[in-house]
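Take a look at the chain below.

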Amino acid sequence: AGGFPGGFSAYDEMMANVFNQFGFDFGQSNRRSRSAERGADIRINMSFTLSEIAKGIVKKIKYKRNYHCSHCRGSGAKDGSEFMTCNVCQGSGQQIHISNSPLGRMQTVSTCQGCKGEGRQIKEKCKNCQGNGVVNQDEIIDVSIPAGVSEGMSLELVDKGNYPKGSGAVGKLIIQITEEKHPELYRVNNH
């Protein structure tokens, strides 16, 4: 301890910070802040002819994506307000596990499996979405494919992916480009 400027407590605090980054908790923080969940990205493959790639094209596509349930406004609860404190974590959103190791008694903190880190559970699920907060629906959009795209490229369309349960950012729609073989012509870079 004498080799550290702040004595043993400074070393102890430094090590606790290192271990906290890997999910271990030394009693310094009983609760982590919960961040809003982001909606999942959707990936689709689209193939284009050499002519479409050379000129660029606007194509209408249809795909399925998750939207917030209109009955519960994305909460998953009947009437959008029926919640109770999680009985597994008592509202903290975390579960603490204590184990013995060669380094001594250690605590690990993980997301509560009872409420998925929300700290609350639904009393009665929304019948429209079965408590998921989202419903799967068709989406039809026009996608502008610029001239000169090539095999393996991907285009990302922001806010065209899935909505998350509750609040949070909407995911992306990622379009993977495939180039169809032409019976006579072939491409060399952009020629």
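Ile98 stands opposite Gln107 in strand E6. Ile98 itself is found in strand E5. This is a predicted model, so keep that in mind throughout. E5 covers residues 94–101, and E6 covers residues 104–111. The two strands run antiparallel, and 8 bridges join them. Between E5 and E6 lie 2 residues, and the strands form a hairpin. Strands of a sheet pair through backbone hydrogen bonds, either parallel or antiparallel.

Stay with Ile98 for a moment. Which residues does Ile98 contact, leaving aside its neighbours within four places in sequence? They are Arg105, Met106 and Gln107. Val109 is 11 residues from Ile98 along the chain, and the C-alpha atoms of the two are separated by 8.9 Å. Is Ile98 buried, exposed or partly exposed? Its relative accessibility is 46%, so Ile98 counts as partly exposed.

Now step back to the whole protein. It has 2 helices and 10 strands. Read from the N terminus, the elements run α-β-β-α-β-β-β-β-β-β-β-β. The protein has 191 residues, and 31% of them count as buried. Next, take the contacts between residues at least 6 apart in sequence. Of these, 69% join residues at least 24 apart.

Turn to another sheet. This one is open and has 3 strands, in the order E2-E10-E9. Its pairing is mixed. From one strand to the next, the twist averages 25°. Look at how E2 meets E10, which spans residues 173–179. These two strands run parallel, and 7 bridges join them.

Charged side chains come next. Side chains of opposite charge can pair when their charged atoms come close. How many salt bridges does a search of the whole structure find? The count is 10. One of them joins Arg38 to Asp41, with the closest N and O atoms 3.0 Å apart. Arg38 has 41% relative accessibility, so it counts as partly exposed. Asp41, at 32%, also counts as partly exposed.

A second salt bridge forms between the side chains of Lys60 and Asp142, at 3.1 Å from N to O. Lys60 lies in strand E3 (residues 57–68) and Asp142 in strand E8 (residues 134–145), so this pair ties together parts that are 82 residues apart in sequence. Both Lys60 and Asp142 are exposed.

Lys64 and Asp138 also meet through their side chains in a salt bridge, at 3.0 Å from N to O. Again distant parts of the chain are linked: Lys64 is in strand E3, Asp138 is in strand E8, and they are 74 residues apart. Lys64 is partly exposed, with a relative accessible area of 49%. Asp138 counts as partly exposed too, at 39% relative accessibility. Lys62 joins the picture here. Lys62, Lys64 and Asp138 are linked in a network of salt bridges.

Finally, look inside. In soluble globular proteins, nonpolar side chains tend to be buried together. The largest nonpolar core here has 15 residues. Which of its residues touch the most other members? They are Ile44, Ile61, Ile145, Leu173, Ile175 and Ile177. E2, E3, E8 and E10 each supply at least two residues of this core. The largest share, 4 residues, comes from E2. Follow the contacts of Ile177, leaving aside its neighbours within four places in sequence. Among them are Met46, Phe48, Ile145, Val149, Met153 and Leu155. Ile177 also contacts Ser150, Glu151 and Gly152. There is a second, separate core of 5 residues, which includes Cys69, Cys72, Cys126 and Cys129.

Definitions and conventions
Residues numbered from 1 in each chain as written. Predicted model: local features only at pLDDT ≥ 70, side-chain atom pairs only at ≥ 80, totals over all residues. Heavy atoms only, no water. Pairing = 2+ DSSP bridges. Axes fitted to C-alpha atoms, helices over the stretch in contact; angles between N-to-C directions. Salt bridge = Lys/Arg side-chain N within 4 Å of Asp/Glu carboxyl O. Buried < 20%, exposed > 50% of the residue type's maximum accessible area, 1.4 Å probe, protein only. Core = buried A, V, L, I, M, F, W, Y, C linked by side-chain atoms within 4.5 Å. Contact = heavy atoms within 4.5 Å.
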